[in-house]
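Good morning, and thank you for joining. Please have the sequence and the coordinates open as we proceed.

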Amino acid sequence: MAEPVERPSNRPSDPWGRLKSLTNRRNGSHTWQVIAGSATLGLVVAAGAALAAGPWDNGQRKAEREVAAAADPTGGVHHGRPTPDTPPAAPSAPPVLPALGTATRDTPQDPAGLRDTLAPLIGVPELGTQVGASVIDTATGKQLYGHGATTPMTPASTIKVATTLAALSALGPDHRIATTARLSEDARTLTLVGGGDPTLSRAALRSMATEAADALREDGKDSVRLAYDTSRYTGPVLHPISPNTNIAPVTALMVDEGRLDDTDRGPAPRSEDPAGDAARAFAAQLKKAGVKVTGTPREARAAAEARTVATHHSAPLSSLVERTLTNSDNDIAEALARQTAIAKGESADFAGARRAVTNELKKLQVPVAGAHLADGSGLDRADRVTTALLTALLARAADPDRPGLRHVLTGLPVAGFSGTLSTRYQDAPGATGLIRAKTGTLWGVNALAGTVVDDRGRLLAFAFLASGTASAPEAEAALDALAAAVAGPAR
């Protein structure tokens with residue numbers, strides 16, 4: 001039986017109902033005054049933001065733009081004059097930003113106070129037999145709290161922070177993955193060449209087929225043999241845990257991550273031959289475009305002299321990174337690890353990706369001692385990282401001098417609102433909407449790594465790894481309480 005791994009959860013989650021005793025929260029009114037932890041960080045954390053759908057687009061989620069453009073009357077203070085046809089006024093949120101001159105971001109967090117707050121929460125039995133923790137101020141890099149912070153542990157999906165940061169560093173946020181169709185010199189063979197884009201869609205294949213059909217007609221051809229080329233990736237295509245509904249075979253050519261249903265995230269039945277399925281889907285589109293495909297598609301490399309007659313580019317790497325982190329997408333994570341390997345001249349397999357990602361992290365001068373990045377997704381139990389490494393990576397992403405890495409932060413799920421945190425923190429008013437974090441779950445392993453703006457207005461990075469846990473829901477609740485404690489008293 002395949003082991004359960006992290007995925008967006010559909011089960012109700014009430015961590016605060018189970019672990020209210022783990023943290024103290026004030027009742028009554030609160031003033032929510034949240035400012036970015038670095039003046040030049042350019043990252044605004046908003047409580048109650050509409051973040052439920054889609055990756056970020058130039059710093060704003062598409063769903064937010066659509067809601068703002070629609071301007072549908074919803075009632076509430078400062079939302080327009082109410083009429084008999086509008087809903088009752090809803091309570092308006094307190095101001096997100098403080099008035100000028102009231103910022104407290106220059107006031108450092110008190111390490112002793114944070115230590116006193118976190119120490120009893122670290123020791124709860126819900127966190128299993130081993131716990132690692134690190135909290136740092138991203139602006140200074142100073143560690144504010146550490147507990148086994150340099151001990152390598154199994155990170156589960158929090159390793160995606162390392163994978164995505166390395167990809168952005170090596171390739172840049174504007175990089176796109178190309179899928180091409182190449183026509184042989186005699187115009188008799190058309191080859192679909194995979195570039196490693198797991199998000200390639202059937203709509204993209206239809207567009208490519210139309211382009212290819214036009215090129216064939218220009219050459220006076222109405223039939224063609226079809227081949228498909230997966231040579232951009234090397235090595236075994238199966239992840240060590242495969243076959244598994246959480247990841248498809250890792251190949252340079254696939255459609256919709258090899259999913260056999262209509263989902264775009266979470267576990268799903270997967271194709272055993274995603275490259276062949278993609279080629280057959282392309283053949284069907286060619287036929288619809290008026291091209292006869294003779295025989296069945298076969299796997300073969302495109303000839304060196306073949307010319308490109310159709311191209312599809314993936315979404316920018318920045319969007320792929322955000323989708324990877326928000327939904328904990330294993331297929332994109334493995335693709336990004338291989339794209340990093342190709343960019344750094346390594347073999348595009350698990351071993352080459354491990355070397356490339358590790359070396360790229362070393363270039364960023366983060367503490368990689370003890371790290372073993374066996375895969376890009378965190379599904380492999382051989383993975384090892386330290387919490388000190390995870391917080392250092394988040395600090396690099398927050399560095400105002402490295403804007404190309406910022407998408408690691410904007411892709412993190414938002415507590416109570418999006419991705420793998422959408423059903424957590426529902427009853428935590430001091431944390432909902434304020435905490436952004438990557439989750440991690442394997443049997444007996446639970447993790448959380450992300451950022452929060454504390455009550456002094458400083459952006460802190462935290463990472464908590466727990467092993468030997470007996471109950472995932474209880475461990476998640478304990479991790480959520482730790483992150484909320486880092487945020488400080490309810491505001």
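In what order do the five strands of the open sheet lie? The order is β4-β3-β12-β11-β10, and the pairing is antiparallel. At the edges are β4 (143-147) and β10 (436-442), each of which pairs on one side only. From one strand to the next, the twist averages 5°.

Some conventions before I continue. This is a predicted model, in which local features need pLDDT of at least 70 and side-chain atom pairs count only at pLDDT 80 or more, while totals for chains, interfaces and linings use all residues. Residues are numbered from 1 along each chain as its sequence is written, and side-chain values use heavy atoms, with hydrogens and water left out. Helices (H or I, at least four residues) and strands (E, at least two) are DSSP runs, numbered from the N terminus. Two strands pair if DSSP finds at least two bridges between them.

Let us turn to β11, residues 445-453. With β10, strand β11 pairs in the antiparallel sense over seven bridges. Leucine 442 stands opposite valine 445, and threonine 441 has asparagine 446 as its bridge partner. The two strands form a hairpin with two residues between them, and glycine 444 in that turn has a positive phi of about 75°.

With β12 (residues 459-467), β11 pairs in the antiparallel sense over nine bridges. Here threonine 451 stands opposite alanine 461. This hairpin has five residues between its strands, and glycine 457 in the turn has a positive phi of about 85°.

Is β11 enclosed or open to the outside? Nine of its nine residues are buried, so β11 is largely enclosed by the rest of the structure. Buried means under 20% relative accessible area, exposed over 50%, and partly exposed in between (1.4 Å probe, protein chains only). Val445, Ala447, Ala449, Thr451 and Val453 point one way, whereas Asn446, Leu448, Gly450 and Val452 point the other way.

Next, the helices. The axes of α4 (160-171) and α9 (residues 350-363) come within 9 Å and cross at roughly 75°. That makes α4 roughly perpendicular to α9, the class for 65 to 115 degrees. Axes are lines fitted to C-alpha atoms, for helices over the stretch in contact, and angles run from 0 to 180 degrees between N-to-C directions. Contact (heavy atoms within 4.5 Å) is made by Ala162, Ala166, Ser169 and Ala170 of α4 and by Val357, Glu360 and Leu361 of α9.

Finally, two loop residues. Serine 157 is in the loop between β4 and α4 and is buried, with a relative accessible area of 4%. Its side chain joins that of serine 328 in a polar contact of 3.3 Å. Such a contact is a pair of N or O atoms within 3.5 Å; within protein, one must be able to donate a hydrogen and the other to accept it, and residues adjacent in sequence count only if both atoms are side-chain atoms.

Aspartate 383, in the loop between α9 and α10 (387-398), is buried at 0% relative accessibility. Which backbone atom does its side chain reach? The side chain of aspartate 383 reaches the backbone nitrogen of aspartate 375 at 3.2 Å. Aspartate 383 and threonine 154 are 229 residues apart in sequence, yet 5.6 Å apart in space, C-alpha to C-alpha.

Key:
Angles under 35 degrees count as roughly parallel, over 145 as roughly antiparallel, 65 to 115 as roughly perpendicular and the rest as oblique.
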